[in-house]
Structures are given as C-alpha cells and as structure tokens.
Amino acid sequence: MARPCILHMFTPGRQASPFDVNMAIDAGFDHVVPYAEVGPANVAAMTQDAIFSRGPKGVANTGIFIGGRDVMVAADMLDLARQSMVPPFAVSVFADPSGSYTTAAALVASVERQLRKAHGSDFAGKRVLVLGGSGAVGRVAGALASQLGARVWLSNRVDDEQAVRTSQETNARFQAQTQGILIRTTEALRAALAEADIVFATASAGVQVMSEADRDAAGRLLVAADVNAVPPAGIAGVEVMDDGKRIGTAAAVGVGALAIGNIKYQVQHRLFLAMREATTPVYLGFPEAMAMARAVAAELP
C-alpha cells in the first residue's frame, strides 16, 4: 500500500498560514501538519525527527514547508534544513514566508513580461523604485530585479540608517545590489519617481503610495506594478485586473494585484507539486520561484 504524502509546515511564528495549508492540500498532500515556534535554533532537530521515522522509502512521500514572515530567517531555515539531511534520509523542502518568495517572483515576472510586450525591453540597466522596500515582498522583488540587471532603490519611511541597513542585509543574503533610499515627503517621492523606469508598489494593503499627481512626476515610467488588492489602489490608476493597460498620458503600462496573483497562485501550486512528485529531494526558495514564475508568464498570451 502506498504511503500517504505528509507535509510538515514549520513557522517561527505562533501559527501557520491557512492560505499555505489550503495550497498544500490542493496540491495533493494527504496530511498537512503545522508546527509553530520552529526557527533556526530548532529546525535541524525538527527536520531530523521528520526524516528518520519513515525509512528511506517513506521519505519520498514526506516534505517540509517553511513559512513565517521574515524572508531572511526563512532563507536561513531552508539552508539549515537542507544541511540536516542524512542521505538516504532526505526530504524536499520549500520556503515561502508569507508567500513573499512566490509573490515577489510573480511581480518581477509580470513586469518583465510587460517590458517585453509594451517596450521591447527588459530589466537590464533600468531604474527600479520599490515603494515598501523594507517589507518581505519588496526586499525579495528588489533582489530579483537586481539579479536581472536593474538598478534598484529599496524605499524606507523611517530613517537613513534603517534604509541603508535593509539594503545591505538584502544584498548580503541574496547576492543582490540594491540601494536604500529614504522617502518621507512628497518631494522626495517625486524626485525618485522622476528617475524611475519601473515602480513596484509593495507597501501594506490598503495604503496608496503613489497618487495621480505623483505618477505625473514619473516622466520616464515604463511599468508600474501594484501587489495591493485592498482599496484604495497602491498606485493610482492601476486596477487589480490590469495587465498591460496604459496608465496616465505617458508610455507606462500598469500591472495589478490580481494579474500578479494569478501567476503567484500557479507558481506556489506548481512548486508544491514539484515537492510531492519529486523522485529525489528538491530544495525550493526564491530562485526556484523566479524560474517558475517566468515559465508561467511565458505561457500567457
């Protein structure tokens, strides 16, 4: 009799995400078991508890998912879990804290698609302004855009020191080249927008970070993408279903939250499937999410 597929979900927080539980079950896992307060200090022990109990054959039907809210901690936990395997006792591991890896990958892939469709271009040499650059999605999206050749500003509303620290930590952990920028005033925002080719809006839900007047200051804007699905729109003029719709009077096109979300959903679903169907262990973080997002985007008309 075939052994059931078990997914162990580790989170440093107090509870696992219901979204992730639903996604895992819909991808075919028979049992999904969440564990709270699992972090870098105890992820190795928890991983080895999971791998030794089912035997070398049973591990093929066992996986680990790493959630939480901190993109840096999740990346560390993925590395630690992988290092804890004792072949042939080894299982697949997928990290996606707060859905940030798959959302950021979908955001970047969506913008890359529109750069090609609307402008015959790509990220190389483009100036990307990430509004909400200290958050989980913003940091990862900025790192991914940097890896594709963009010059990236990660915005911060607190102070210069935090802006610099966020950028330095992101660069060191994710092999990126970003720059922190403090934006606390309308004047600072419009000055940054005047130099931006691409804008990612990744701030908190329900917060508008770019008004129509702000958008008019972005004279060289090519693509504006907003992951906020909660009114008001994060970027004025970009609706949730927009996918290449012209915004304003410039050459810019918009990408809305549900257009990005459709790719994000497929990316997370397919990565869960990759875990469940793998014949040898796979280890999935934001680079694998980006590769999958580009594959999904390439299937769109």
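How does the chain's radius of gyration fit with that of a compact globule? For 301 residues, such a globule would come out near 19 Å, and the chain has 20 Å, which agrees. The radius is taken over C-alpha atoms, and the globule rule is 2.2 Å times the number of residues to the power 0.38. Along the principal axes, the C-alpha atoms fill a box of roughly 65 × 45 × 30 Å.

## Ground rules for the numbers

Residue numbers start from 1 along each chain as its sequence is written. Since the model is predicted, local features need pLDDT of at least 70 and side-chain atom pairs count only at pLDDT 80 or more, while totals for chains, interfaces and linings use all residues; side-chain values use heavy atoms, with hydrogens and water left out.

## Surface and charge

Of the 301 residues, 51% count as buried. Here buried means under 20% relative accessible area, exposed means over 50%, and partly exposed is in between (1.4 Å probe, protein chains only). The accessible surface comes to about 13000 Å², and carbon and sulfur atoms hold 52% of that; the areas come from the Shrake-Rupley method with a 1.4 Å probe, and for residues only the protein chains shown count as cover.

The chain carries 26 positive and 28 negative charges, and their mean positions are 4 Å apart. Lys and Arg count as positive and Asp and Glu as negative, with His and the chain ends not counted. Each charge is placed at NZ of Lys, CZ of Arg, CG of Asp or CD of Glu.

## The nonpolar cores

In soluble globular proteins, nonpolar side chains tend to be buried together. A nonpolar core here is a set of buried Ala, Val, Leu, Ile, Met, Phe, Trp, Tyr and Cys residues joined through side-chain atoms within 4.5 Å. The largest one has 75 residues, and those with the most contacts inside it are Leu7, Val111, Phe123, Val128, Phe200 and Phe272. Helix H5 (residues 100-119) supplies the largest share of this core, nine residues. Another core lies apart from it, with 20 residues that include Trp153, Ile181, Leu189 and Ala192.

What does Phe272 touch, leaving aside its neighbours within four places in sequence? Its contacts are Leu7, Asp20, Met23, Ala24, Ala27, Phe29, Phe65 and Phe94.

Ser110 sits in helix H5 and, at 2% relative accessibility, counts as buried. Not counting residues up to four places away in sequence, Ser110 touches Val255, Ala259, Ile260 and Ile263. Ser110 and Gly244 are 134 residues apart in sequence, with 9.3 Å between their C-alpha atoms.

Phe286 belongs to helix H11 (residues 286-298) and is also buried, at 8% relative accessible area. Beyond its neighbours within four places in sequence, Phe286 is in contact with Tyr101, Val140, Leu144, Gln147 and Phe174. Thr102 is 184 residues from Phe286 in sequence, yet their C-alpha atoms are 6.9 Å apart. Over in helix H4 you'll find Met72, buried at 16% relative accessibility. With residues up to four places away left out, Met72 touches Arg139, Glu169, Thr170, Arg173 and Phe174.

Most residues other than glycine have a negative phi, and most peptide bonds are trans. Against that background, a cis peptide bond joins Pro87 and Pro88, with omega about 10°; Pro88 lies in the loop between helix H4 (71-83) and strand S4 (92-95). The bond from Pro231 to Pro232 is cis too, with omega near -5°, and Pro232 falls in the loop between strand S9 (223-226) and strand S10 (243-246).

Which phi does Ser98 have, positive or negative? Ser98 has a positive phi of about 55°, although it is not a glycine. Ser98 is in the loop between S4 and H5 and is partly exposed at 38% relative accessible area. Gln175, not a glycine either, has a positive phi of about 50°; Gln175 sits in the loop between helix H7 (160-174) and strand S7 (178-182) and is exposed at 61%.

Note on methods:
Helix = DSSP H or I, 4+ residues; strand = E, 2+ residues; numbered from the N terminus. Contact = heavy atoms within 4.5 Å.
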